[in-house]
Amino acid sequence: DVKVTQSSRYLVKRTGEKVFLECVQDMDHENMFWYRQDPGLGLRLIYFSYDVKMKEKGDIPEGYSVSREKKERFSLILESASTNQTSMYLCASSKGTVRTYGYTFGSGTRLTVV
Amino acid sequence: RKEVEQDPGPFNVPEGATVAFNCTYSNSASQSFFWYRQDCRKEPKLLMSVYSSGNEDGRFTAQLNRASQYISLLIRDSKLSDSATYLCVVNNYGQNFVFGPGTRLSVLP
């Protein structure tokens, strides 16, 4: 079974802190994604990556950056955390053709910014 | 108009009932369609893909209507364990998915 592991299940950070959310997948998937999920808004795409050192902005990239130095690891960075970034963050990965294989999600990181 | 729309529910149904959810999408060029299931405080998991000809997996049936731009999910003989949020997912291009806000189902004893 593919595993997508997110480093923290719950995280509490202060406003203005730099925050790193880590995601690692163990099945050599090319594609990796970061979403946030908020009540009433569903899942919204922040950033994605189709290959090492490659990144693309999703629908809501403002206030975030990403890093993909190795194929298995995709990090989400909150440059200066703000209270409106309190959310559930979900990492996902997929093989080459998403239409065929779909996504596999990590178990999520619930981030609270105080 | 949102790209993918769903009735948020909740749908409260007794065990054994048949329940159906619809989902509409706005992009007529959408290519692939899926239903994901998300349990409370858990990550979404793929339930089934939706094919043009319709497809069935046990008690679950998915249908696609391209002309009217909606997909549906039918659950027969509902079980308590079917209680979850059901996410409609559309792939328009590339490797990205667009998620609907989800429909919450509660199956009652």
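Modeller: A disulfide is defined here as a pair of cysteine sulfur atoms within 2.5 Å. In general terms, a disulfide is a covalent bond between the sulfur atoms of two cysteines. Over all chains, the structure holds two disulfides.

The model is a predicted one, in which local features need pLDDT of at least 70, side-chain atom pairs count only at pLDDT 80 or more, and totals for chains, interfaces and linings use all residues. Residues are numbered from 1 along each chain as its sequence is written, chains are lettered from A and ligands numbered from 1 in the order in which they are written, and side-chain values use heavy atoms, with hydrogens and water left out.

In chain A, A:Cys23 is joined to A:Cys91, with an S to S distance of 1.9 Å. The link of A:Cys23 and A:Cys91 is left-handed, at -75 degrees about the S-S bond. Because A:Cys23 belongs to strand E4 (residues 23-25) of chain A and A:Cys91 to strand E10 (residues 87-94) of chain A, the pair ties together parts that are 68 residues apart in sequence. Strands (E, at least two residues) and helices (H or I, at least four) are DSSP runs, numbered from the N terminus. A:Cys23 is buried, its relative accessible area being 0%, and A:Cys91 is buried with a value of 0%. Buried means under 20% relative accessible area, exposed over 50%, and partly exposed in between, with a 1.4 Å probe and protein chains only.

Chain B holds the link between B:Cys23 and B:Cys88, whose sulfur atoms are 1.9 Å apart. This link of B:Cys23 and B:Cys88 is left-handed, with -70 degrees about the S-S bond. B:Cys23 lies in strand E3 (residues 19-25) of chain B and B:Cys88 in strand E9 (residues 84-91) of chain B, so the pair ties together parts that are 65 residues apart in sequence. B:Cys23 and B:Cys88 are both buried, whereas B:Cys40 is exposed, with a relative accessible area of 70%.

Of the 114 residues of chain A, 47% count as buried. Among contacts in chain A with a separation of 6 or more, 55% come from residues 24 or more positions apart; a contact means heavy atoms within 4.5 Å.
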